[in-house]
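Subject: Structure for you to look at

Hello,

Here is the structure I said I would pass on. My notes on what was found in it come after the structure itself.

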Amino acid sequence: MESFVEAMTVILNGFNQPFTVYGFTLSWYDIWLWSIVGAIAAVFIGRMLS
C-alpha cells in the first residue's frame, strides 16, 4: 500500500509541474481548475438567459 501511495504522489505532483505554451506558464491543475470555473459560469449564464 505504501508503494501505491508513493506512486500516486508522483503522478499527482506531475499535474502541478508548470509548462510554457506560447509564453504562458500553465499546469494541468490550473487548466482543470479554470475548466471547472468556466463550466460553473456557463451554467449560471445559461440559466440567467432562459
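Tyr29 has a relative accessibility of 42%, so it counts as partly exposed. Please keep in mind throughout that this is a predicted model. The ring of Tyr29 pairs with that of Trp32: the ring centres are 6.0 Å apart and the planes stand at 35 degrees, so the pair is tilted. Because Tyr29 and Trp32 are 3 residues apart in helix α2, about one helical turn separates them.

That pair is one of 2 aromatic pairs in the structure. The other joins Phe19 and Trp28, with ring centres 5.5 Å apart. The planes of Phe19 and Trp28 meet at 40 degrees, so this pair is tilted as well. As for cover, Phe19 is partly exposed, at a relative accessible area of 26%.

Overall fold

The chain has 2 helices and 2 strands, and they follow the pattern α-β-β-α along the sequence. How spread out is the chain, compared with a compact globule? Its radius of gyration is 16 Å, whereas the globule rule gives 10 Å for 50 residues, so the chain is more spread out than a compact globule. The C-alpha trace spans about 50 × 35 × 5 Å along its principal axes.

Surface and burial

Of the 50 residues, 2% count as buried. The accessible surface of the chain is about 4700 Å², and carbon and sulfur atoms account for 72% of that surface.

Ser27 does count as buried, because its relative accessibility is 3% and the cut-off is under 20%. Ser27 sits in the loop between β2 and α2, the helix of residues 28–49. Which residues does Ser27 touch, leaving aside those up to four places away in sequence? They are Phe15, Asn16, Gln17, Pro18 and Phe19.

The loop between the strands

Tyr22 lies in the loop between β1 (19–21) and β2 (24–26). Is Tyr22 buried or exposed? With a relative accessibility of 81%, Tyr22 counts as exposed. The backbone of Tyr22 is worth a look too: phi is near 50 degrees, a positive value in a residue other than glycine. Most residues other than glycine have a negative phi.

From the C-alpha atom of Asn13 to that of Leu33 the separation is 15 Å, for two residues 20 apart along the chain.

Regards

Definitions and conventions. Residues are numbered from 1 along each chain as its sequence is written. This is a predicted model: local features need pLDDT of at least 70, side-chain atom pairs count only at pLDDT 80 or more; totals for chains, interfaces and linings use all residues. Side-chain values use heavy atoms; hydrogens and water are left out. Helices (H or I, at least four residues) and strands (E, at least two) are DSSP runs, numbered from the N terminus. Buried means under 20% relative accessible area, exposed over 50%, partly exposed in between (1.4 Å probe, protein chains only). The radius of gyration is taken over C-alpha atoms; the globule rule is 2.2 Å times the number of residues to the power 0.38. Accessible areas come from the Shrake-Rupley method with a 1.4 Å probe; for residues, only the protein chains shown count as cover. Contact means heavy atoms within 4.5 Å. Rings of Phe, Tyr and Trp (its six-membered ring) pair if their centres lie within 6.5 Å; planes under 30 degrees apart count as stacked, over 60 as edge-to-face and the rest as tilted.
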